[in-house]
Amino acid sequence: MRIAFFTDSFWPQINGVTTSIWNTCETLATQGHHFIIFAPKPSPFPANPPHHPHIQLVWLPSKPLPTYTDYLIAYSFSKDAQKAFDDFGAELVHIHTPFYVAKKGIELARKSKIPVIGTFHTVLSEFLQYIPIPTIQHNPIMKELTWKYIQYFYGKCDLVTTPTEILAKELRSHGFQNVHVMSNAIDYELFSKAKVKKAPKKITMIYYGRISFEKRIDVAIQTLFLVRKKHPNVELTVLGSGPAEASLKEQAKEYGIAPFVHFPGPFHGNALARRVKSHDILFAPSPMETQGLYVLEGMAAGLCVVGCNSRAIPIAVGKNERGLLFENGNAEDAAEKVNQLIQNPTKRKK
């Protein structure tokens with residue numbers, strides 16, 4: 001089958017959208033299907049973009065979002081991009097975001113009279129804080145209007161998928177129709193078979209992905225501060241990039257734990273898997289995860305999870321079966337859970 005993906009979020013960003021898109025395309029391409037992916041072009045363009053002989057990448061002119069420079073806003077669909085779509089002969093269009101690139105995908109699908117699948121990855125109303133207008137950032141009316149817009153946008157799709165039943169129920173409550181649950185996949189062997197050596201005298205926690213405010217990584221910093229009162233050998237890695245990095249570094253300085261909070265930057269592929277597996281505990285503080293692929297990847301790498309008891313994380317972790325859950329935003333509760341695991345290595349291993 002020949003499938004065209006349209007996304008406003010893609011490589012080199014580290015997030016669930018990028019991961020799920022490439023994992024899906026690469027797996028199905030290996031089985032003989034053909035893909036073309038339209039996405040914003042990063043600038044400067046990093047080395048070693050993802051590659052597969054059955055996956056064609058078409059980069060669109062873009063500019064970074066001023067308040068979140070890791071996010072790129074495509075603004076043009078060139079004649080070359082149009083020719084690439086026409087020559088590809090797509091039988092299906094699959095969109096992954098509700099913005100310009102995906103809008104163009106829907107338009108092209110309608111003109112070509114082929115079906116459109118839309119995957120809902122992210123609760124967009126949580127991103128209003130990146131609009132530099134205070135009256136919009138915290139306005140409940142704007143949140144409701146955002147939901148109306150998303151419902152209208154995805155209403156143009158023949159089918160809507162989302163990764164968890166809890167999010168499907170949330171979408172239906174906002175008027176979405178024809179919603180189906182289809183879990184996004186991880187590269188299990190990449191994380192499970194990574195070869196690493198762990199520091200014998202340290203307990204290390206890791207968060208990785210977008211370093212953004214809605215991810216509540218500030219809770220991880222505060223948790224580390226509390227944990228180190230009992231266990232001064234514990235450290236935290238915050239791996240990735242994003243607009244919250246500077247404020248998190250400042251927070252770590254204020255708590256006096258800056259030497260024990262590490263920001264090594266973004267990693268991909270084998271390098272990412274090795275970094276993740278070299279830690280002991282995956283810390284997942286965000287209340288807005290729609291699936292939390294990094295939680296599944298961390299478990300594949302053999303890490304114990306300490307996660308926020310909100311949205312999709314409890315689905316991945318279970319009722320404290322594959323990790324421990326803490327109350328949203330409650331660093332004292334999170335620290336108590338981390339302390340449990342440090343004091344009980346057998347439980348942590350289990």
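Histidine 231 is located in the loop that runs between helix α8 and strand β11, the latter spanning 234-241, and the model in which it is described here is a predicted one. Its relative accessibility is 14%, and because buried means under 20% relative accessible area, histidine 231 counts as buried.

Once neighbours within four places in sequence are set aside, the residues in contact with histidine 231 are Asn339, Ile342 and Gln343. With glutamine 343 there is also a polar contact, in which the side chains of histidine 231 and glutamine 343 are joined at 3.4 Å. Cysteine 157, by comparison, lies 74 residues from histidine 231 along the chain, and the C-alpha atoms of these two residues are separated by 52 Å.

## Helix α8: burial

Helix α8, which covers residues 217-227, has eight of its 11 residues buried, so it is largely enclosed by the rest of the structure. The buried positions in α8 are Ile217, Val219, Ala220, Ile221, Thr223, Leu224, Leu226 and Val227.

## Packing of α8 against α9

Two packed helices are described by the angle between their axes together with the distance between those axes. Since angles under 35 degrees count as roughly parallel, α8 is roughly parallel to α9, and the crossing of the two helices is right-handed.

The contact brings Ile217, Asp218, Ile221, Gln222 and Phe225 of α8 together with Leu248, Gln251, Ala252 and Tyr255 of α9. Sorted by class, the residues in this contact are six nonpolar, two polar and one charged. Ile217 and Ile221 take part in the contact with α9, and both are also listed among the buried residues of α8.

Not counting residues up to four places away in sequence, proline 42 touches Trp11, Pro12, Trp59 and Leu72. The position of serine 62 can also be given relative to this residue: proline 42 and serine 62 are 20 residues apart in sequence, while their C-alpha atoms are 7.3 Å apart in space.

How values were computed. Residues numbered from 1 in each chain as written. Predicted model: local features only at pLDDT ≥ 70, side-chain atom pairs only at ≥ 80, totals over all residues. Heavy atoms only, no water. Axes fitted to C-alpha atoms, helices over the stretch in contact; angles between N-to-C directions. Helix = DSSP H or I, 4+ residues; strand = E, 2+ residues; numbered from the N terminus. Parallel < 35°, antiparallel > 145°, perpendicular 65-115°, else oblique. Left-handed = near helix turned anticlockwise from the far one by under 90°. Contact = heavy atoms within 4.5 Å. Nonpolar A, V, L, I, M, F, W, Y, C, P; charged D, E, K, R; others polar. Buried < 20%, exposed > 50% of the residue type's maximum accessible area, 1.4 Å probe, protein only. Polar contact = N/O pair within 3.5 Å; in protein donor to acceptor, adjacent residues only side chain to side chain.
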